[in-house]
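This report goes through one model chain by chain, then turns to the places where the parts meet. Keep the structure in view while reading.

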Amino acid sequence: MEQRIAVLVTTVLCALLLAVFALVARSASASGTAEQIAAGAARWRRTSFWALVIVFVPTIAYSLTRMPYPSASEGPASIVVDATGHQWAWELTPTAVPAGQPVEIRVTGADVNHGFGIYDAGGRLLTQTQAMPGYTNVIRYTFATPGTYRILCLEYCGLGHHTMASQLVVTAVR
Amino acid sequence: MTSGMPDVRTRAPETSYTPGATLPGRGVVSLYMAITALVLALLMVFGLLMRASQAGIIAIPANRFYQLLTAHGIGMVAISGLGGAGVMWYFLSRYVALSRAILIANLAFFLAGVVCVLGAIFIGGFAAAWTFLFPLPARSLGVWGPGATASYLIGVLLVGVGFLLLYLDTARAILNKYGSLGRALGWPQAFGKATVDAPPPTVVASTVVTIINIPAIAVGAVILTISLVNTYAPAFQVNALLAKNLIYFFGHVFINSTIYMSVIGVYEILPSFTGRPWKSSKPFLLAWTATMLMVLAVYPHHLFMDYANPRWANVLGQILSYTSGLPVLTVTAIATLANVYRSGMKWNMTSSLLFVSIMGWSVGIVPAIVDGTIAINRVMHNTQWVPGHFHIYLLLGVVAMSFGFMYFLAGMSGATDDMLDRVALWLYVAGGFAFSAVFLAAGAVSVPRRWAVHMLPWRGLDGLGTLFALVTIAGVVVFVVRFLGRARALRA
């Protein structure tokens with residue numbers, strides 16, 4: 001979902017910007033009155049400023065309600081996975097969790113910074129956090145679908161970075 | 001799209017450069033730009049090799065891949081800084097009395113640092129990425145030794161010392177002329193009634209860069225030194241999260257400054273093509289001050305996935321991600337469009353590249369802001385979406401500014417553009433956008449960044465990226481050869 005939003009917003013706005021620059025580039029060979037154009041530019045500047053305010057304020061406000069950080073009001077999850085990043089392997093305990101129930105994944109790094117990324121069977125990144133020495137970052141996630149999920153390292157951690165993969169099995173609820 | 005250089009002598013408004021004027025330091029600036037041109041091309045080839053290896057077209061061992069990755073990253077940051085410094089110095093020296101000796105000293109420190117960094121990487125095997133996140137430099141599991149780590153860290157420190165000297169000199173010169181940094185930022189005009197006697201855009205931008213980069217380099221020096229001590233005394237530790245904060249503060253401010261230095265070329269040169277002066281209007285002055293304040297506090301957007309980072313800092317990071325770059329970008333983009341619109345401007349390589357640079361900067365901001373949203377960063381952070389957005393505003397922003405400035409300098413030697421230049425321009429623009437778009441597409445399908453070996457389903461996009469990297473480099477090679485061929489005439 002988030003990836004689709006990102007692609008859609010980026011495609012539309014980038015295309016719009018490119019079109020504006022292209023139109024202005026095409027107009028450059030014509031002549032116009034600098035004063036009139038300056039006045040028009042000032043209007044555009046004001047308009048774009050307020051347009052950005054109108055778009056940004058609700059976007060920021062809404063998106064901040066969708067932050068992945070766990071909140072204290074959620075209470076402890078009954079299913080806990082401890083995940084530790086080592087150069088260059090993941091240590092997961094347990095390695096299987098049930099679908100449909102909130103899982104608390106406690107992520108840390110034993111040596112250097114790693115990135116704990118959870119991928120679904122289709123290769124789509126679902127969520128992530130950093131695995132950092134001295135800290136435990138907590139992901140709360142409910143796996144909707146049973147299956148095998150891949151854990152890939154998403155923070156460069158040295159020579160074996162790209163080999164640092166593991167699996168988390170999500171089982172069907174009986 | 002191009003034709004001969006316009007007669008800027010007859011059309012030059014007050015802020016434009018007057019051709020024929022011999023400025024002190026022009027030869028040194030040309031040397032800055034020649035080094036920039038060569039290093040940019042070399043590092044682009046490194047990038048090409050990495051993409052080709054990920055595509056499975058060539059086989060680069062993982063240790064060599066990560067060395068190339070480290071060299072590409074730190075090299076691009078540093079050379080963008082050097083090219084930007086060349087542009088800034090060249091034009092700022094019109095307004096304030098800068099030291100040519102310091103300009104040379106910066107280059108000497110830079111070259112000494114580059115020797116250390118290259119030795120660390122390609123002789124010592126150092127490959128902790130340009131971000132050298134603590135404590136990776138000292139924990140390679142035997143892949144590289146402490147000597148290589150020390151050489152890298154000292155090399156980056158040397159480059160930083162050179163830039164620090166340069167900014168201390170710009171601070172000195174600006175203060176000598178304007179009396180205070182506030183006046184050089186145009187605060188009396190920004191917060192007063194009239195903009196008469198406002199400092200020129202070049203001075204405003206240079207002052208902002210000076211103010212933000214001095215603390216950035218100082219902070220960078222702190223974490224580099226801590227990492228250096230940790231290399232030989234592992235018991236000497238720093239909190240890994242604090243280290244990340246220090247590194248990203250330094251890195252974010254420094255790389256943004258490369259844009260702010262390079263855009264001075266747009267402010268100074270573009271008006272000479274359009275005949276319309278670039279004025280320090282009230283919105284312009286306010287925008288630069290706003291950006292100066294926000295860019296110092298926006299770096300936590302690199303730490304969104306560090307859940308342990310204070311939440312207020314990450315929330316602030318998102319809000320400022322949306323707002324920090326926009327003031328300057330908006331006033332610069334709209335002013336560029338207004339400057340060019342129906343101006344009767346004739347296109348040549350200089351004007352085209354400078355126009356493209358503002359387009360690249362503007363377009364690149366879009367996917368950057370998207371990624372600066374915490375809820376989206378959760379599935380985009382450290383995927384190839386990230387190199388996707390920064391390649392747009394660096395490859396098609398800063399690099400275009402640098403080459404635009406180089407064509408401007410080369411044009412002063414009497415040379416004109418021809419068909420080959422125009423073809424190169426189109427290859428560079430089309431190839432650069434397509435290359436960056438492939439990164440974005442790969443990020444959208446969750447391909448991680450900084451992986452030496454890619455899984456089979458990702459390799460189709462890697463192949464496309466390789467192709468477009470080749471196209472981009474083909475254009476850039478022409479720029480480089482053209483500039484080097486003409487630069488000799490500028491050494492006088």
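## Domains of chain A

Domain bounds, as used here, come from an automatic or database domain assignment. On that basis, chain A is split into domain 1 (2-66) and domain 2 (72-171). The model is a predicted one. Between the C-alpha centres of domain 1 of chain A and domain 2 of chain A there are 39 Å.

## Overall form of chain A

Chain A has 2 helices and 9 strands. Read from the N terminus, the order is α-α-β-β-β-β-β-β-β-β-β. The globule rule gives 16 Å for 174 residues, and the radius of gyration of chain A, 24 Å, is well over that, so chain A is more spread out than a compact globule. Along the principal axes, its C-alpha atoms fill a box of roughly 70 × 40 × 30 Å.

Of the 174 residues in chain A, 28% are counted as buried. Among the contacts in chain A with a separation of 6 or more, 65% join residues 24 or more positions apart.

## Overall form of chain B

Chain B contains 18 helices and 0 strands. Its radius of gyration is 22 Å, close to the 23 Å given by the globule rule for 492 residues, so chain B is as compact as a globular protein of that length. The C-alpha trace of chain B spans about 65 × 50 × 45 Å along its principal axes.

Buried residues account for 64% of the 492 residues in chain B. For contacts in chain B with a separation of 6 or more, 85% are between residues 24 or more positions apart.

## Where the chains touch

## The largest nonpolar core

The largest nonpolar core has 216 residues. The members that touch the most others are Met33(B), Met88(B), Val208(B), Trp288(B), Met406(B) and Phe479(B). Helix α16 (residues 385-411) of chain B provides the largest share of this core, 18 residues. Domain 1 (2-66) and domain 2 (72-171) of chain A each give residues to the core, so the core lies between them.

Apart from neighbours within four places in sequence, Phe479(B) is in contact with Ala37(B), Phe403(B), Met406(B) and Ala424(B).

## Strand β5 of chain A

Is β5(A) largely enclosed or largely open? In β5(A), 6 of the 6 residues are buried, so this strand is largely enclosed by the rest of the structure. His114(A), Phe116(A) and Ile118(A) point one way from β5(A), while Gly115(A), Gly117(A) and Tyr119(A) point the other way.

Two pairings of β5(A) can be traced. With β6(A), the pairing is antiparallel over 6 bridges, and Tyr119(A) has Leu125(A) in β6(A) as its bridge partner. These two strands form a hairpin with 5 residues between them, and Gly123(A) in the turn has a positive phi of about 85°. With strand β8 (residues 147-153) of chain A, β5(A) pairs in the antiparallel sense over 4 bridges. There, Phe116(A) has Cys153(A) in β8(A) as its bridge partner.

Definitions and conventions:
Residues numbered from 1 in each chain as written. Chains lettered and ligands numbered in written order. Predicted model: local features only at pLDDT ≥ 70, side-chain atom pairs only at ≥ 80, totals over all residues. Rg over C-alpha atoms; globule rule 2.2 N^0.38 Å. Buried ≥ 20, exposed ≤ 12 C-beta atoms within 10 Å, placed from the backbone. Contact = placed C-beta atoms within 7 Å. Core = buried A, V, L, I, M, F, W, Y, C linked by C-beta atoms within 7 Å. Pairing = 2+ DSSP bridges.
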